[in-house]
Amino acid sequence: MKRRKIAAGNWKMNKTFSEGRALASAIAEGMEPSENLVILGVPAIHLKAVANTAKKVKGLEVAAQNCHQAESGAYTGEISVDMIKSVGAKYVIIGHSERREYFNESHELLAQKVDATLSKRLIPIFCCGEPLSIREEGTHVAHVKKQLEESLFHLKTKPFEKIVIAYEPIWAIGTGVTASPAQAQDMHKAIRQLIADRYSERVADETSILYGGSVKPANAKELFSQPDVDGGLVGGASLKADDFLKIIGSF
Ligand code: PEP
């Protein structure tokens with residue numbers, strides 16, 4: 001996907017069906033026309049209704065928060081990429097730290113989910129990021145490098161070009177502690193360099209890299225103005241239309 005400014009929300013396991021419809025409508029109605037992309041990452045139960053709302057608004061899209069790697073079959077409780085696609089969602093969040101930690105999603109499994117998503121022409125929003133202990137050790141770039149190498153860098157250039165990356169330091173997710181703009185910029189620059197080394201400068205230049213971790217209306221503008229930060233993946237602040245609209249308006 002060509003590099004774009006993107007504000008993506010991650011509702012996680014929040015909002016009943018009616019609450020989700022109301023939130024999606026409030027965001028859709030409050031959005032100003034722009035070239036930027038807004039993606040709502042919603043629980044599976046909301047996908048179809050939110051996709052119906054989104055299709056009426058230019059620049060508004062929907063993401064699933066996870067998918068199964070198999071095409072179909074006896075996997076009770078799971079959701080396939082075809083199912084996600086069939087309701088009009090075009091994106092899938094893959095490798096969120098909560099999936100890695102609470103559901104033991106390995107590098108190898110995430111590579112399979114990336115492949116499954118791309119095979120149906122949906123776009124993975126691939127999350128990476130280090131825990132606090134790794135940040136304190138100073139090995140955060142190597143940690144993220146391994147995540148990219150093990151789950152993304154098997155891709156040939158063309159499929160890789162579809163990927164959106166979200167750098168989310170785990171110590172900043174849901175904690176209220178945001179990476180400083182300089183910390184975010186340094187890591188995004190390092191990620192772009194890793195992509196340049198594996199693919200090319202052009203591919204690195206065209207990849208959208210989002211920052212996630214306690215993005216709020218008060219800090220979005222400064223984070224998003226960093227040269228290698230193309231937007232955000234937003235958890236808590238995407239649950240309130242006013243806050244999320246302010247973040248969307250921060251570019
Ligand atoms: C997230 O869930 O991806 C996230 C960044 O959450 P929060 O914005 O609440 O830190």
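**Reading local features**

Mentor: Note that this is a predicted model. Start with helix α11, which spans residues 217-224 and holds Asn-219.

Trainee: Is Asn-219 buried or exposed?

Mentor: Buried means under 20% relative accessible area. Asn-219 has 15%, so it is buried.

Trainee: Which backbone atom does the side chain of Asn-219 reach?

Mentor: A polar contact is a pair of N or O atoms within 3.5 Å. Here the Asn-219 side chain reaches the backbone nitrogen of Lys-216, at 2.7 Å.

Trainee: Where is Lys-12 found?

Mentor: Lys-12 is in the loop between β1 (6-10) and α1 (17-30). Lys-15 has its place in the loop between β1 and α1. Lys-12 counts as partly exposed because its relative accessibility is 22%. At 31%, Lys-15 also counts as partly exposed.

Trainee: Which residues gather in a patch of positive charge on the surface?

Mentor: Patch members need over 30% relative accessible area and no salt bridge, with like charges joined within 9 Å. In this model the patch brings together Arg-21, Lys-48, Lys-55 and Lys-56.

Trainee: Where is the place of Lys-56?

Mentor: Lys-56 lies in the loop between α2 (47-54) and β3 (60-64). Its relative accessible area is 70%, so Lys-56 is exposed.

Methods. Residues numbered from 1 in each chain as written. Predicted model: local features only at pLDDT ≥ 70, side-chain atom pairs only at ≥ 80, totals over all residues. Heavy atoms only, no water. Patch = residues over 30% accessible without salt bridge, like charges linked within 9 Å, V, L, I, M, F, W, Y side chains within 5 Å. Areas by Shrake-Rupley, 256 points an atom, 1.4 Å probe, with all protein chains shown as cover. Salt bridge = Lys/Arg side-chain N within 4 Å of Asp/Glu carboxyl O. Lys, Arg positive; Asp, Glu negative; His and termini not counted. Charge placed at Lys NZ, Arg CZ, Asp CG, Glu CD. Helix = DSSP H or I, 4+ residues; strand = E, 2+ residues; numbered from the N terminus. Buried < 20%, exposed > 50% of the residue type's maximum accessible area, 1.4 Å probe, protein only. Polar contact = N/O pair within 3.5 Å; in protein donor to acceptor, adjacent residues only side chain to side chain.
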